[in-house]
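Biologist: I would like to learn how to read a model like this one. Can we take it feature by feature?

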Amino acid sequence: MKVLRVRHGDAAFYAQLLMEQNAVRCLDKTLGLDAPIPLAEVAVLAPVTPSKVVCAAGNFRDRLREMGRDPSDGPMLFLKPPSAVIGSGQAIVLPRASARVEAECELALVMGRACRNVAPADVPKHLFGLACANDVTAVDLRQRDETLGRAKGYDTFAPIGPWIETELGDPASLTLRLLINGQTVQTGSCADMAVGPFELVSFVSSVMTLLPGDVILAGSPARPCPLTPGDEARVEIDGVGVLINPVRAEGEAAPLQ
């Protein structure tokens, strides 16, 4: 099932996407919206409102080699603030403080239940679903600062969407692609991960409690791509979805919804 977060009138709620009807069905029964609602009558929002976005740096073997690290190294964890999250169709804003911002295609794992020290085999019981994500980074600021907080934490630097795919299966061999203006610039398979998706959730839960709605970004393949104003960044994950975001310079983007 593909689950969207939408606004209809004054209400924001989760809804099931009815692709054949080009409509959504409200999943909050308390709102009394039982009939399908045409997509044209709702505003599609970012599909998650997490307490935290946990990211794994250096979790693809080809990316580790590109960074000069041993492929046997475990991923380094960092956090993005919830204010960095945007949905499909919303603009990635390039801050004036940075001269080089890059995009990276990633798999997002969305938690459905709280957990701590969960075993890899039990992770599917605690996941709500999967989504596409773009780990946007101000690379020149990363090289300047001692930590990743500024380089990774700008508003709009965590596009996630367009929906959450709840039919999990095993994500260990999913293919990811990043396209800029229709040209494929980055591609990889989750089979190249140093720590697989379920093992990564288990690892993160050994460090911190994961809450419903929290998101884990599972790392990026090699060759992240720079962004310029006017670009369109497109993340595709087979069987999960397609996340599309225009790119604007600071001061040019429309206000976030």
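Biologist: Let me start with a detail. Which residue is the bridge partner of A103 in β18?

Modeller: The partner is C225. Keep in mind that this is a predicted model. As a general idea, strands of a sheet pair through backbone hydrogen bonds, either parallel or antiparallel. Here, β10 covers residues 101-103 and is joined to β18 by 2 bridges. The two strands run antiparallel.

Biologist: What is the strand order in the open sheet that holds this pair?

Modeller: The order is β13-β10-β18, an open sheet of 3 strands with antiparallel pairing. The edges are β13 (137-138) and β18 (225-226), and each of them pairs on one side only.

Biologist: Step back for a moment. How many helices and strands does the protein have?

Modeller: There are 5 helices and 20 strands.

Biologist: What radius of gyration would a compact globule of 257 residues have, and what does the protein have?

Modeller: The rule for a compact globule of 257 residues gives a value near 18 Å. The protein has 18 Å, so the two agree. Its C-alpha trace spans about 55 × 45 × 30 Å along the principal axes.

Biologist: What share of the residues is buried?

Modeller: Buried residues are 53% of the 257. Contacts tell another part of the story. Take those with a separation of 6 or more: 71% of them involve residues 24 or more positions apart.

Biologist: And the surface? How much of the accessible surface belongs to carbon and sulfur atoms?

Modeller: They hold 51% of about 11100 Å². For charge, count 24 positive and 30 negative side chains. The centres of the two sets lie 2 Å apart.

Biologist: Now hairpins. How many residues lie between β2 and β3?

Modeller: The hairpin has 4 residues between its strands. β2 spans residues 11-18 and β3 spans residues 23-26. They run antiparallel, with 4 bridges joining them. To place the pairing, find A15, which stands opposite C26 in β3.

Biologist: What is phi of N22, and where is this residue found?

Modeller: Phi of N22 is near 55 degrees, a positive value in a residue other than glycine. N22 is found in the loop between β2 and β3.

Biologist: Which strand pairs with β3 over 2 bridges in the antiparallel sense?

Modeller: That is β4, residues 37-38. Look for A23, which stands opposite P38 in β4.

Biologist: Show me another hairpin. Which residue in the turn between β19 and β20 has a positive phi?

Modeller: G239 does, at about 80 degrees. This hairpin has 3 residues between its strands. β19 is joined by 6 bridges to β20 (residues 241-249), and the two run antiparallel. R234 has I244 as its bridge partner in β20. β19 (residues 232-237) also runs antiparallel to β15 (residues 175-180), with 5 bridges. There, I180 has A233 as its bridge partner.

Biologist: Is the peptide bond from G161 to P162 cis or trans?

Modeller: Read omega. It is near 0 degrees from G161 to P162, and the bond is cis. P162 lies in β14, residues 158-165.

Technical notes. Residues numbered from 1 in each chain as written. Predicted model: local features only at pLDDT ≥ 70, side-chain atom pairs only at ≥ 80, totals over all residues. Heavy atoms only, no water. Rg over C-alpha atoms; globule rule 2.2 N^0.38 Å. Buried < 20%, exposed > 50% of the residue type's maximum accessible area, 1.4 Å probe, protein only. Contact = heavy atoms within 4.5 Å. Areas by Shrake-Rupley, 256 points an atom, 1.4 Å probe, with all protein chains shown as cover. Lys, Arg positive; Asp, Glu negative; His and termini not counted. Charge placed at Lys NZ, Arg CZ, Asp CG, Glu CD. Pairing = 2+ DSSP bridges.
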